[in-house]
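Please keep the sequence and the structure in view while reading.

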Amino acid sequence: MSPMLEVKDLVVAYGKIKAVKGISFSVDEGEVVTLIGTNGAGKTTTLRTISGLLRPAGGSIRFQGKRIDETPAHDIVALGLAHSPEGRRIFPRLTVEQNLLLGAFARRDGDIRKDLQAAYDLFPILGERKSQAAGTFSGGEQQMLAMGRAMMSRPKLLMLDEPSMGLSPLMMKTVMSTVTTLQEQGTTILLVEQNAQAALKRATKGYVLEVGKIVLSGTGSELLESDEVRKAYLGED
Ligand SMILES: Nc1ncnc2c1ncn2[C@@H]1O[C@H](COP(=O)(O)OP(=O)(O)OP(=O)(O)O)[C@@H](O)[C@H]1O
């Protein structure tokens, strides 16, 4: 069976600067795959390119066997690939519920109420405050909203860009345990994280990016045990 997502020799440039320099990786159905790496390694650029917000300068991206590197972003969502971006990017003046409904824009079926309820079950605070302006939410609450909104498109593959960024340890635990819940519910996940420990603990597979290149890969536990990862990403001496 071919992977759900297959990225081959991907190159992405901002003008003359190559941010991603020929990376290849894959995500199989049911996996949680993580991309870890230091600031500026190219993780966000990679996710933005997969979701069609940036065009690659080289290489290919296949989703369920179909090339998507020239597909418009809204069609990519409709294929079942959702992106919860870095820094949340919710719509601050809209209510929580309006933000969630926007996540379902590409849906053709009429079953959206059920998914709203599923988002409220996953994150009760969203249901309790569904009429509140989203911009008044705390960072962690906005992160939950961004994840809930991405789930509203009923994605087969959910890409999460640094879901734990700026969160308190308790909030981070909640958000990261949701990653496991979503996987258990059948969503395949591509997770970008600065918090390598939390990400690798949950990952079936991980890739380490350094200045636009993959320098190491393995199962989550292999990478957690690797000396290189422990020194460079887990802050151990
Ligand atoms: N719009 C842009 N124009 C020019 N250069 C950019 C742009 N966006 C990102 N870059 C550069 O591309 C490189 C990769 O950035 P990217 O945001 O993908 O890294 P990252 O691994 O996600 O980092 P972080 O963990 O800090 O978010 C960096 O050197 C960054 O400065």
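In the hairpin of strand 1 and strand 2, which residue takes a positive phi? It is G15, with a phi near 60°, in a hairpin that has two residues between the strands. Strands (E, at least two residues) and helices (H or I, at least four) are DSSP runs numbered from the N terminus. The model is predicted, so local features need pLDDT of at least 70 and side-chain atom pairs count only at pLDDT 80 or more, while totals for chains, interfaces and linings use all residues. Residues are numbered from 1 along each chain as its sequence is written.

Eight bridges join strand 1 to strand 2, and L5 has V27 of strand 2 as its bridge partner. Strand 1 is also joined to strand 4 (residues 58-63) by five bridges, again antiparallel, with V11 opposite G58. Two strands count as paired if DSSP finds at least two bridges between them.

An open sheet is built from six strands in the order 6-7-8-3-9-10, and its pairing is mixed. Strand 6 (81-84) and strand 10 (213-218) form the edges; each has a single partner strand, so one side of each is left without a neighbour in the sheet. From one strand to the next the twist averages 20°. Both senses of pairing can be followed at strand 9 (residues 205-210): it pairs with strand 3 in the parallel sense over five bridges, and with strand 10 in the antiparallel sense, also over five bridges. In the hairpin of strand 9 and strand 10, which has two residues between the strands, V211 takes a positive phi near 30°.

Helix 7 (residues 169-184) lies across strand 3, strand 7 and strand 8, at about 160° to strand 8. These angles run from 0 to 180 degrees between N-to-C directions, with axes fitted as lines to C-alpha atoms, for helices over the stretch in contact.

The largest nonpolar core has 64 residues, and L158 and L191 have the most contacts inside it. Such a core is a set of buried Ala, Val, Leu, Ile, Met, Phe, Trp, Tyr and Cys residues joined through C-beta atoms within 7 Å, where buried requires 20 or more other C-beta atoms within 10 Å of the residue's own, placed from the backbone. Helix 6 (residues 139-151) gives the largest share of this core, six residues. Beyond four places away in sequence, L158 touches A82, S84, A150, M151, L182, T187 and I189, a contact being two C-beta atoms, placed from the backbone, within 7 Å.

The residues around the ligand include Y14, I17, N39, K43 and Q194, each counted as near if its C-beta atom, placed from the backbone, lies within 6 Å. Helix 1 supplies the largest share of this shell, three residues. The shell divides into four nonpolar, seven polar and one charged.

How values were computed. A residue is buried if 20 or more other C-beta atoms lie within 10 Å of its own, exposed if 12 or fewer, and partly exposed in between; C-beta atoms are placed from the backbone. Ala, Val, Leu, Ile, Met, Phe, Trp, Tyr, Cys and Pro count as nonpolar, Asp, Glu, Lys and Arg as charged, and the others, Gly among them, as polar.
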